[in-house]
Amino acid sequence: MLDLSADALAVAVLHRTDYLPVTDPAAVAMPASRFEQESRGIPMAYRMVVTTDDTEDVAGEPDVSELALTALGPPPGEQPLFLVRGVPRDSMVAALAGLVHQVGWAGEDVGITQLEELGGTAVFDLLDWAVPEETGATVLICDEPLVADARAGGARFTAVALRVRPGEGPLRVLECGEGPPGAAAERAAHRFGGSGPCDGWLACHDALAAGRIADGELILLQARGPLREGWVLLRAVDTAALRLAEGTAGAVG
């Protein structure tokens, strides 16, 4: 049993179009195994690759993580920021430093990578002991696909920002794990998911905003990637007290 709750939940979506055919010299090169993993089931004939491994570096355009963090708003006091990104980027350190500088973050900042599709689910095992009891923390989960579907004209960059703290709160984090959810799935009144770490959270945010989730109900969020599967079980304790926000922007490319 985990001991975390969220007081606020913000999401952001940014459509990116700066992708190229896999044969283009300007497309990012990657090992075949990683290319297959990043493709998330997109048929080979429709796969496109991002133009640069620094997916944040589009001059003058908004950053999806900044959109979500701005929508969440500043914390009541100094607290740590956990930035969770699926895979390591060459620009990981610079991106986190730039984000912290841009929003004027007060407090420590920690980057977490390598979780891939589990960044929005199994990461709560880590956060359960890492979030300070006295201050709480802000958690920013980002999904920035390297491979896009040509039929969609690009890919969605998504981010979820949560203000979390130990103990009871409006949205309680009960359990999480890697692999199938087992009995947790049978207990949940609502199930949301997708192939990316943010997909379940985006759908949950929409359902909460629409009033489709009642107090006391259990919510299961799942992420099923090509190699791994993860889940997190939530309880809606007080939906009226949970602050929801959204930051969106147009296409970038």
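Q: What makes helix H2 of this predicted model count as mostly covered?
A: Helix H2 spans residues 64–72, and seven of its nine residues are buried. The buried residues in H2 are Val 64, Ser 65, Leu 67, Ala 68, Leu 69, Ala 71 and Leu 72. Just after H2 comes Gly 73, with a positive phi of about 90 degrees.

Q: Why is Asp 18 called buried?
A: The relative accessible area of Asp 18 is 13%. Buried means under 20%, and therefore Asp 18 is called buried. Asp 18 is found in the loop between strand E1 (4–16) and strand E2 (19–21).

Q: What makes the pairing of the side chains of Asp 18 and Arg 16 a polar contact?
A: The distance given for these two side chains is 2.8 Å. A polar contact requires a pair of N or O atoms within 3.5 Å, and the contact between Asp 18 and Arg 16, at 2.8 Å, meets that limit.

Q: Why is Arg 40 called partly exposed?
A: Arg 40 has a relative accessible area of 30%. Buried means under 20% and exposed means over 50%, with partly exposed in between; the value of Arg 40 falls in between, so Arg 40 is partly exposed. The place of Arg 40 is in the loop between helix H1 (32–38) and strand E3 (47–50).

Q: Which residues have the most contacts inside the largest nonpolar core?
A: They are Phe 124, Leu 162, Trp 201 and Ile 219, in a core of 35 residues. Helix H6 (residues 199–209) supplies the largest share of this core, five residues. Leaving aside neighbours within four places in sequence, Phe 124 is in contact with Leu 2, Leu 4, Leu 162, Val 173, Cys 176, Trp 201 and Val 232. Another core, of 34 residues, lies apart from it, and Val 28, Val 49, Val 147 and Ala 155 are among its members.

Q: How many cavities of 30 Å³ or more are counted?
A: The count comes to two. The second largest cavity holds about 30 Å³ of space. Its lining includes Gly 120, Thr 121, Gly 196 and Trp 201. H6 and strand E11 (218–224) are the elements that give two or more residues to this lining, and E11 gives the most, with three residues.

Q: How is the lining of the second largest cavity divided by class?
A: It has four nonpolar, five polar and no charged residues.

Notes:
Residues are numbered from 1 along each chain as its sequence is written. This is a predicted model: local features need pLDDT of at least 70, side-chain atom pairs count only at pLDDT 80 or more; totals for chains, interfaces and linings use all residues. Side-chain values use heavy atoms; hydrogens and water are left out. A nonpolar core is a set of buried Ala, Val, Leu, Ile, Met, Phe, Trp, Tyr and Cys residues joined through side-chain atoms within 4.5 Å. Buried means under 20% relative accessible area, exposed over 50%, partly exposed in between (1.4 Å probe, protein chains only). Helices (H or I, at least four residues) and strands (E, at least two) are DSSP runs, numbered from the N terminus. Contact means heavy atoms within 4.5 Å. A polar contact is a pair of N or O atoms within 3.5 Å; within protein, one must be able to donate a hydrogen and the other to accept it, and residues adjacent in sequence count only if both atoms are side-chain atoms. On a 1 Å grid over the protein atoms alone, a cavity is a set of points where a 1.4 Å probe fits but cannot get out, and a pocket is an open set with protein on both sides within 12 Å along at least five of seven lines; lining residues have an atom within 4 Å of a point. Grid points are joined across faces, edges and corners, and a volume is the space filled by probe spheres set on the points. Ala, Val, Leu, Ile, Met, Phe, Trp, Tyr, Cys and Pro count as nonpolar, Asp, Glu, Lys and Arg as charged, and the others, Gly among them, as polar.
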